[in-house]
Amino acid sequence: MPKERSRDTKAAILDEAMRLFSEQGFRATTVRDIASAVGIKDASLYNHYPSKQAMFDAIVEQALDTMKEGFYRRGALFLTTDDASIYGDIPFSALRDKITGTFEYLFCDPYVVRLRKLLVINQFENERATYVYRLIFAEQPLRLQETVFSHLMKSGEFEQGDASLFALEFYGPLFLMMHAGTPWSEAQPVLETHLESFYLAHATVKELP
């Protein structure tokens, strides 16, 4: 099989596996279901992935790379080692636009929405799904925000406090809306009001520049 065709088939397998896992669940989806959706035989699918779990793991790796690119395109942090100064010493309007753009991506991007659905549905029957769900939508955002708030406190832009509690305070309402399926049209004004209140509560300059 030509390399280009092989790559296309692998991509199609992951696309269909992700769709089926997010609709039917990991356990209920069979390798035959995936092969049929792609239009290949079961045996051909095994030429690309040795097991259903291997497909799930490949989806996770692809998702992490895709989301990293999505965050970086929006000028947002994705890793705790990224430079948090991009959130400091900028007008509030620019900060609001940066944060709003990031959350719009999380709420609205079709790929991210499908990923979230896949992980929520499968978190109780697949240990890998449980780990990745917590990592992508809970632990990593909290660690990133803790990094940002720590930077803002060190630079004197935020009052001193517990950066981990600041992260929980800020992200908690947004996490609840995201995972309750709140439409972006409803979530966006809540986010902007929440961000403004949070900024005024913790910034050393109590004005919106």
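The second largest pocket of this predicted model is lined by 13 residues, of which Asp89, Ile90, Leu152, Glu157 and Tyr199 lie nearest its centre. A pocket is here an open set of points, on a 1 Å grid over the protein atoms alone, where a 1.4 Å probe fits and protein lies on both sides within 12 Å along at least five of seven lines, and lining residues have an atom within 4 Å of a point. The space in this second pocket comes to about 160 Å³, a volume being the space filled by probe spheres set on the grid points, which are joined across faces, edges and corners. Its lining comprises eight nonpolar, three polar and two charged residues, where Ala, Val, Leu, Ile, Met, Phe, Trp, Tyr, Cys and Pro count as nonpolar, Asp, Glu, Lys and Arg as charged, and the others, Gly among them, as polar.

The largest pocket has a volume of about 470 Å³, and of the 28 residues that line it, Tyr87, Phe103, Pro141, Leu144 and Gln145 are the closest to its centre. Two or more lining residues are given by each of the helices H4 (52–73), H5 (92–108), H7 (127–154), H8 (163–179) and H9 (184–202), helices being DSSP runs (H or I, at least four residues) numbered from the N terminus. H7 supplies the largest share, ten residues, and the lining as a whole divides into 25 nonpolar, three polar and no charged residues.

Helix H4 has 22 residues and reaches 32 Å from its first C-alpha to its last, close to the 32 Å expected at 1.5 Å a residue, the expected span being 1.5 Å times one less than the number of residues. Among its buried residues are Phe56, Ile59, Val60, Ala63 and Met67, and just after H4, glycine 75 takes a positive phi of about 65 degrees. In the loop between H4 and H5, proline 91 is found; at 44% relative accessibility it counts as partly exposed, that is, between buried (under 20% relative accessible area) and exposed (over 50%), with a 1.4 Å probe and protein chains only.

Serine 22, placed in helix H1 (residues 3–24), counts as buried because its relative accessibility is 2%. Not counting residues up to four places away in sequence, serine 22 touches Arg114, Lys117, Leu118 and Ile121, contact meaning heavy atoms within 4.5 Å.

Residues are numbered from 1 along each chain as its sequence is written, and side-chain values use heavy atoms, with hydrogens and water left out. As the model is predicted, local features need pLDDT of at least 70 and side-chain atom pairs count only at pLDDT 80 or more, whereas totals for chains, interfaces and linings use all residues.
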